[in-house]
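Hello,

Here is the structure we spoke about passing on. My notes on it follow below.

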Amino acid sequence: MTIQENLHSVLENIRNAEKKSGRAEGSVKLLAVSKFHPASAVLDALSCGQKLFGENRVQEAAEKFDEVRTAHPEAVLHIIGQLQSNKVKKAVGIADCIESVDRIELIQEIEKQCAAAGKIIRILLEVHTAEDSKSGFADYSALEQAVEFVCAGNTPHVTLDGFMTMAPFTDDERLIRKSFSTVREYAEKIRGAYPDCRLPVLSMGMSGDYTIAIEEGSTEVRVGTAIFGERNY
Ligand SMILES: *Cc1c(COP(=O)(O)O)cnc(C)c1O
């Protein structure tokens, strides 16, 4: 299967899942996760009309998207992997959104680097919902503290768009569903508590579970393998 064919079927699955769960058509965006795949694969996807991409590692993303953007300045890049503070400056330089924000100190560093660069960036807060994952805010209270920090106006260069999670790697659909519904419930509670903060985005679902995620309220799925094939680590 080519990247074009894969993109086609993933987009079709997304549209079907939207329909099945009574969601508006086009309410779910596709982030194509290109980590470990070359710039040529990203260029292929771009030529099929895909604009939104996700990468885990800042250095890999910087090299790849320098090349990609000379031909396609419309490419949008989200950083989705765990981010060390000393990589924030570089991440802010290349990314349109950082989805894997998992601590308040990281928000402060992003604000500092964006202020220095004269740039406003979007972020998502990652929620820890799976035993086998290491990253993310541990519970509702930790998450709410981070929302409170941003919504109090401490970060003029950071726009909080919503939340992200990774479900457990398991065949047990109940556990996967539980992970997604937990984040949706947290988001609903937080939107109620902070009505002035717009938090529309729920980034949930990967190659193995994106249709489940859409049924549970995802507005953005992060799909790598089903588009670009297996990764050679
Ligand atoms: C790699 C990765 C994905 C994509 O995973 P696939 O199973 O290849 O679709 C999505 N989200 C995050 C955070 C990732 O690291």
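Predicted model: local features only at pLDDT ≥ 70, side-chain atom pairs only at ≥ 80, totals over all residues.

**Helix α6 and the cores**

The buried residues of α6 are Y140, L143, A146, V147, F149 and V150.

The largest nonpolar core has 67 residues. Those that touch the most other members are I98, I110, I121, I123, L125, F163 and I227. With six residues, α6 gives the most to this core. Another core, of eight residues, lies apart from it, and includes L31, L52, L124 and V201.

What does F163 touch, once residues up to four places away in sequence are left out? The list is L124, L125, V127, L143, V147, V183, A187, I190, L199, V201, L202 and S203. Two of these, L143 and V147, are also among the buried residues of α6. L124 and V201 in the list are members of the eight-residue core.

**Helices α2 and α3**

Helix α2 (residues 39-47) packs with helix α3 (residues 58-71) at an angle of about 35°, and their axes are 9 Å apart. The crossing of the two is right-handed. On the α2 side the contact is made by A39, V42, L43 and L46, and on the α3 side by K64, F65, E67, V68 and A71. By class, seven of the contact residues are nonpolar, two are charged and none is polar.

**Two loop residues**

H72 sits in the loop between α3 and β3 (76-79). Leaving aside neighbours within four places in sequence, H72 is in contact with L43 and L46, both of which also take part in the contact of α2 with α3. The C-alpha atoms of H72 and S47 are separated by 9.1 Å, with the two residues 25 apart along the chain.

F36 is in the loop between β1 (29-33) and α2. Its phi is near 70°, a positive value in a residue other than glycine. Is F36 buried, partly exposed or exposed? F36 counts as partly exposed because its relative accessibility is 28%, and buried would require under 20%.

Regards

Notes: Residues numbered from 1 in each chain as written. Heavy atoms only, no water. Axes fitted to C-alpha atoms, helices over the stretch in contact; angles between N-to-C directions. Helix = DSSP H or I, 4+ residues; strand = E, 2+ residues; numbered from the N terminus. Left-handed = near helix turned anticlockwise from the far one by under 90°. Contact = heavy atoms within 4.5 Å. Nonpolar A, V, L, I, M, F, W, Y, C, P; charged D, E, K, R; others polar. Buried < 20%, exposed > 50% of the residue type's maximum accessible area, 1.4 Å probe, protein only. Core = buried A, V, L, I, M, F, W, Y, C linked by side-chain atoms within 4.5 Å.
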